[in-house]
Amino acid sequence: FFSFIQWVLTIIHPYDRSRRMFDMTTVIWVLLLVFFIPLEIGFDWYETVTWQKVLFTALDIWFALDIMLNFRTGYINHGTVVMGPKKIASNYLSKWFLVDLLGTLPFELMISAQVSSRKSLKLAKYFKIPKLLRISRVMKYVRNHQYVYDFSKVLILIFTLMHIGACAWVMLLDPCNEEKSNYA
């Protein structure tokens, strides 16, 4: 534990193995959020189960830790590694801090704690959308590897078009509308 605290308080090289593993794990968590958040927002019948609520709370903590680590992690500027704490903080504040902060704050919990009506709770789901801003962090990570970056852009385009097509089918067929259903 002490070595972890010492590691957090020191300036971390951008290519540090532990930091890169942390970033890879963050990418996995972001992809998980990209799957679950639209599902939760888009379908009224979908309810978040207990293990997901616990996971989402843990991810909020994970992303808060990521913000702290970003203030302590050097960066590459025109091929030069920058390790100065003030320069790191200035760079992070001017580029990724706002995206990370909006993606980390649990707006939906803050809103749902203040309202009690079902309609307001339903509206609070939309406050999870800023968490999806973290997908840009995934692109930042893969941008360092051009072939992975190009492949990811193609995959994102394909999945976006598939998603739009699926949304159009759901909108046209409206399978979840029980009032119009004659199946029962």
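This is a walk through the structure above, from its overall layout to a few groups of residues.

Before we start, keep in mind that this is a predicted model, in which local features need pLDDT of at least 70 and side-chain atom pairs count only at pLDDT 80 or more, while totals for chains, interfaces and linings use all residues. Residues are numbered from 1 along each chain as its sequence is written, and side-chain values use heavy atoms, with hydrogens and water left out.

Let us begin with the overall layout. The protein chain has nine helices and two strands. Here helices (H or I, at least four residues) and strands (E, at least two) are DSSP runs, numbered from the N terminus. The chain has 184 residues, and 28% of them count as buried. Buried means under 20% relative accessible area, exposed means over 50%, and partly exposed is in between, with a 1.4 Å probe and protein chains only. In total the chain exposes about 12,900 Å², with carbon and sulfur atoms supplying 69% of it. Such areas come from the Shrake-Rupley method with a 1.4 Å probe, and for residues only the protein chains shown count as cover. Contacts (heavy atoms within 4.5 Å) tell us about the fold too: among those between residues at least 6 apart in sequence, 66% join residues at least 24 apart.

Now let us look inside. In soluble globular proteins, nonpolar side chains tend to be buried together. A nonpolar core is a set of buried Ala, Val, Leu, Ile, Met, Phe, Trp, Tyr and Cys residues joined through side-chain atoms within 4.5 Å. The largest one here has ten residues, namely V30, L33, F36, I37, I41, Y46, L55, F56, L59 and F63.

Which residues does Q52 touch, leaving aside its neighbours within four places in sequence? They are F36, Y46 and E47. Q52 lies in helix 3, and it counts as buried because its relative accessibility is 2%.

Next come the charged residues. The structure holds two salt bridges, a salt bridge being a side-chain nitrogen of Lys or Arg within 4 Å of a carboxyl oxygen of Asp or Glu. One of them joins D23 to R19, with the closest N and O atoms 3.5 Å apart. Both residues lie in helix 2, four residues apart, which is about one turn of the helix. R19 also forms a salt bridge with D66, where the closest N and O atoms are 3.4 Å apart. This pair links distant parts of the chain, with R19 in helix 2 and D66 in helix 3, 47 residues apart. Together, R19, D23 and D66 are linked in a network of salt bridges. Are these residues buried or exposed? D23 counts as buried because its relative accessibility is 18%; R19 is buried at 2%, and D66 is buried at 1%.

Rings of Phe, Tyr and Trp (its six-membered ring) pair if their centres lie within 6.5 Å; planes under 30 degrees apart count as stacked, over 60 as edge-to-face and the rest as tilted. A search of the whole structure finds eight aromatic pairs. One of them is the edge-to-face pair of F35 and F36, at 5.0 Å centre to centre and with 80 degrees between the planes. F35 is exposed, with a relative accessible area of 52%, whereas F36 is buried, with 11%. Ring pairs also link F35, F36, W51 and F56 into a cluster.

Finally, let us move to the surface. F151, V154, L155, I158, F159 and M162 form a nonpolar patch there, with about 590 Å² of accessible area together. Patches are made of residues with over 30% relative accessible area and no salt bridge, with like charges joined within 9 Å and nonpolar side chains (Val, Leu, Ile, Met, Phe, Trp, Tyr) within 5 Å. V154 lies in helix 9 (residues 146–173), and it counts as partly exposed because its relative accessibility is 48%.
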